[in-house]
Amino acid sequence: MTRKFHLACIFNFTPDEWQGPFGNGGSPWDGRFHTEVAQALERACFDYLIIEDKLMVPESYGGSSERALRQGMVVPKHDPVPLAAAMGVATSHIGIVATLSTLAYPPFMTARLASTMDSMLGGRFGWNIVTSAENLAARNFGLEELPTRDARYAMADEYVDVVRQLFASWDADAVVLDREKGIYADHTKVRPIDFKGEYFSVRGPLNTVPSPQHRPAFVQAGASPRGRVFAARNADSVIAIANGVSGMKQFRDDVRKHAEAAGRDPDDVKVLFCVTPTLGDTEQDARDKYQRMISSPQFIHDILAETSALTEIDFAQFDLDKPLPHRLETNGEQGSLDQLQQWGSGKTLRELVMDAAGGLVSSVELIGTPDQVAERMGEVMEEVGGDGFMVTTPVLRLDRRWVGEITDGLVPALQRRGLTRTEYTPGQTLRQNLTEF
């Protein structure tokens, strides 16, 4: 395979692997640890990193917030935007994508914040578009319960339309800076949008100058059929989780089909598949490490706590050593639920967690030495057709050892094979980097 593929990394502003020997002790709140991670990822020429977010203290697992807080799962979680700003100041090339929920931010504030961040980062900012899928989050913003999934996407369609119009409310050349005539901006090139829709009413115009990208990069994770349509219509990069290589190819082909139907060039939509590589000095070393991880009681409970938070289903009520009693449905993240439950397999809940050992974010098994994993990643991309990988850990928590294994072990092995970039093209924005190959 001669065509390069893209690399990104997803994590959140939560405690690191605070119980492990290579962690940061569970207090990364000044942002330094995550900023160092951003610098390491830039050194490895990742296209972008993304800071995931949630807007509640979960109470699903065990029926209270005790287990989530005790395990440090999903909570505490700090706001991603200040961290994105700190990372942006400390780096020069890597894209920085922050999660902003359409539930929490009015469209005007999202557009203004994203425009400001893109100017501060010199064209490297991206918006991860989420609708939020938790009733507890909805109750933090004046709602009794979460709208249905279809209603959330209908609102999100209109929301993104408003945001796009706000970015376009200033012409690219509206700022003239004519010192002789005393004109900062040409008022004829800045106009209200006077948007009145079913869900939102926004006069505009935006009160920030056009940023380097004018419209920052859009990232979205759409797993359901409706979510894929939304992502294909709007996203520059799609975060995806699929079951195996055939599932990855089917997902990418489906998104590209929807993008073409929406009048877009499918090559402008980069689908990055989540993977959780386990690396070792030898293949046996990697497999031993993998087995220790998936058999750990802490790992089992972390995955179930995470799944409970995402789906608002209490997995503590089920016997770990029996199959799930029935097929489960949720108004939350159905894709995460389906990734775990594998209905009809006959596996116990413990086996389901161990089988999905990448946690909720593993598309294909990657276990071995850096060279073995790099070779496999190249084979997978060739069969899938592109566009790249979103590298992470099973529960999105980081430690320094894992970061070093990826940036100083796996990525050099990928670069030696010509599979990923070895340098950034000077002066390019995040969106330009994503469409470079």
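Pro107, Phe108, Thr110, Ala111, Ala114 and Ser115 of helix α4 are in contact (heavy atoms within 4.5 Å) with Tyr159, Val162, Val163, Leu166 and Phe167 of helix α6. The residues of this contact comprise 9 nonpolar, 2 polar and no charged; Ala, Val, Leu, Ile, Met, Phe, Trp, Tyr, Cys and Pro count as nonpolar, Asp, Glu, Lys and Arg as charged, and the others, Gly among them, as polar.

This is a predicted model, in which local features need pLDDT of at least 70 and side-chain atom pairs count only at pLDDT 80 or more, while totals for chains, interfaces and linings use all residues. Residues are numbered from 1 along each chain as its sequence is written, and side-chain values use heavy atoms, with hydrogens and water left out.

The axes of α4 (residues 107–120) and α6 (residues 149–167) come within 9 Å and cross at roughly 50 degrees. This makes α4 oblique to α6; angles under 35 degrees count as roughly parallel, over 145 as roughly antiparallel, 65 to 115 as roughly perpendicular and the rest as oblique.

Two further residues are set out below.

| Residue | Relative accessibility |
|---|---|
| Gln341 | 3% |
| Thr429 | 11% |

Gln341 counts as buried, a term for residues under 20% relative accessible area (1.4 Å probe, protein chains only). Gln341 lies in helix α11 (residues 334–341) and, not counting residues up to four places away in sequence, touches Leu324, Arg327, Leu328, Gln334 and Leu352.

Thr429 also counts as buried. Its place is in the loop between α14 (400–416) and α15 (430–434), and Thr429 touches Gly123 and Gln213, not counting residues up to four places away in sequence.

Notes:
Axes are lines fitted to C-alpha atoms, for helices over the stretch in contact, and angles run from 0 to 180 degrees between N-to-C directions. Helices (H or I, at least four residues) and strands (E, at least two) are DSSP runs, numbered from the N terminus. Buried means under 20% relative accessible area, exposed over 50%, partly exposed in between (1.4 Å probe, protein chains only).
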